[in-house]
Amino acid sequence: MKQRVFYSIAFAFLISAFVFPIGAQELSREKIKEIERMISSKMSKDRIPGASVAIVLNGKLVWSNGYGLADIENFVPAKADTAYRTASIGKSMTATAAMQLVEKGKLDLTAPIQNYCPAFPKKRWTITAQNLLNHTSGIRHYGEENNIEELYSTRHYNSVAEALEIFKNDELLFEPGGRYLYSTYGYNLLGCVIEGASGLAFTEYMAKNIFEPAGMKNTRVDDPSAIIPNRARGYVLDQAGHLQNSRMVDMSNKIPAGGFITTAEDLVLFASGVMNGKLIKPETLDRMLTPQKTNSGETIPYGLGWGLFPDEDWYGEKEAFHGGGTPQVSGMLYLIPKRKFAVAILFNLEDVSERVALTAQIAKVALDLGKNK
């Protein structure tokens, strides 16, 4: 009971006392209030300690803010520049890096991945970079008897190639292209492919070709031993609904698949760089946002590094998104590319549901979607 009272008082205090929106002149006060109402309602309903949100309109960062507590024990407010894990949102960054190399003629999406990553042994069937990008490679995700150990790994891996040890000797689950199976480990392998195609360490390539050009000053590899300014603490609700500290994990077992630290502002700057042609060409983005198909012609709900709704046309708009969920965080990056609109929201609570729906509703308010229908 005391925990509930403390949390309610802390949340109400922070909502009223720590509001620092930027660029609000390009997003009306009425719209900001409605967006804040949705965020506060979500946080209250799901008992989320802290959140950060940022919005890009017409390709420009127009508003960001933080709500609640980044650190409950020390009563630290969440801010616009509070740093959280990307989790799988990082896959969209890694996919963008791969497509940059395709543009430069350094990566052939249809070639065997061993051409670029000889550390990964040949399998019964050929795997291509396209299979890795669209999750049709047949490489497994977490699972089976080592599921918990892999999800909550505390081992530190010193390189992308070393982290391949987890799964590189496993058999493929199906012939590549046969079906869609979301795979974090497939994106780990894509990181190795990027190293071979670029001649740079994966983390160096990302810093020089994604983070720096996009202006992502607060994005870096998630190192649990490093001192990272404004890093949020992570929380989880136990089976009884009590808030607990998240388990410690070392994300070095999946850096290309989402082992970065970032901010909501940096995520929408990344989205802006993608949509504005700063990171990739417009035709490359169109290619990435085209729903992929299996070998049998079945359409899957994924492009090249982005989640999609292939059969939906939401208020006449096409959506793209990528969520992320791992110990300490739940997040979502949501785009309406033709509007050059993006919203990122990061929570320091695990397993927050309905994140796509929340970001889509924020888009609806910000863009007046369906207002005249």
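User: How many disulfides does a search of the whole structure find?

Analyst: One. The model is predicted. The disulfide joins Cys-117 to Cys-192.

User: What makes the pair Cys-117 and Cys-192 a disulfide?

Analyst: The S to S distance is 2.1 Å. The cut-off is within 2.5 Å. The pair therefore counts as a disulfide. A disulfide is a covalent bond between the sulfur atoms of two cysteines.

User: Why is the disulfide of Cys-117 and Cys-192 called right-handed?

Analyst: The torsion about its S-S bond is about 90°, so the disulfide is right-handed. The pair links distant parts of the chain, 75 residues apart. Cys-117 lies in the loop between H3 and helix H4 (129–133), and Cys-192 lies in helix H7.

User: Why does Cys-192 count as buried?

Analyst: Buried means under 20% relative accessible area. Cys-192 has 7% relative accessibility, so Cys-192 counts as buried. Cys-117, at 0%, counts as buried too.

User: Which residues does Leu-189 touch?

Analyst: Cys-117 is one of them.

User: Which residues have the most contacts inside the largest nonpolar core?

Analyst: They are Leu-107, Leu-133, Ile-139, Leu-189, Leu-190, Phe-270 and Leu-333. The core has 76 residues. Helix H7 (residues 184–198) gives the largest share, eight residues. Apart from this core lies another, of 37 residues, among them Leu-57, Tyr-67, Phe-341 and Val-365.

User: Is Thr-96 buried or exposed?

Analyst: Buried. Thr-96 is found in helix H3 (residues 90–103). It touches Ile-210, Phe-270, Val-274, Leu-279, Ile-280 and Met-288, not counting residues up to four places away in sequence.

User: Why is H3 called roughly perpendicular to H8?

Analyst: H3 and helix H8 (residues 202–214) pack at an angle of about 85°, with their axes 10 Å apart. Angles of 65 to 115 degrees count as roughly perpendicular, so H3 is roughly perpendicular to H8. On the H3 side, the contact is made by Met-93, Thr-94, Thr-96, Ala-97, Gln-100 and Leu-101. On the H8 side, the residues are Phe-202, Tyr-205, Met-206, Asn-209, Ile-210 and Phe-211.

User: Why do strand S3 and strand S9 stand at the edges?

Analyst: The open sheet has six strands in the order S3-S2-S1-S11-S10-S9, with antiparallel pairing. S3 (76–77) and S9 (320–326) each have a single partner strand, so one side of each is left without a neighbour in the sheet.

User: How do you know that S10 and S11 pair?

Analyst: Two strands pair with at least two bridges between them. Seven bridges join strand S10 (residues 329–336) to strand S11 (residues 341–347), so the two strands pair. They run antiparallel. Ile-336 stands opposite Phe-341, and Leu-335 has Ala-342 as its bridge partner. S10 and S11 form a hairpin with four residues between them. Lys-340 in the turn has a positive phi of about 50°.

User: How many bridges pair S1 with S11?

Analyst: Six, in the antiparallel sense. Ala-51 has Phe-347 as its bridge partner in S11.

User: What makes S11 mostly covered?

Analyst: Seven of its seven residues are buried. Phe-341, Val-343, Ile-345 and Phe-347 are buried on one side. Ala-342, Ala-344 and Leu-346 are buried on the other.

Terms used. Residues are numbered from 1 along each chain as its sequence is written. This is a predicted model: local features need pLDDT of at least 70, side-chain atom pairs count only at pLDDT 80 or more; totals for chains, interfaces and linings use all residues. Side-chain values use heavy atoms; hydrogens and water are left out. A nonpolar core is a set of buried Ala, Val, Leu, Ile, Met, Phe, Trp, Tyr and Cys residues joined through side-chain atoms within 4.5 Å. Buried means under 20% relative accessible area, exposed over 50%, partly exposed in between (1.4 Å probe, protein chains only). Contact means heavy atoms within 4.5 Å. Axes are lines fitted to C-alpha atoms, for helices over the stretch in contact, and angles run from 0 to 180 degrees between N-to-C directions. Angles under 35 degrees count as roughly parallel, over 145 as roughly antiparallel, 65 to 115 as roughly perpendicular and the rest as oblique.
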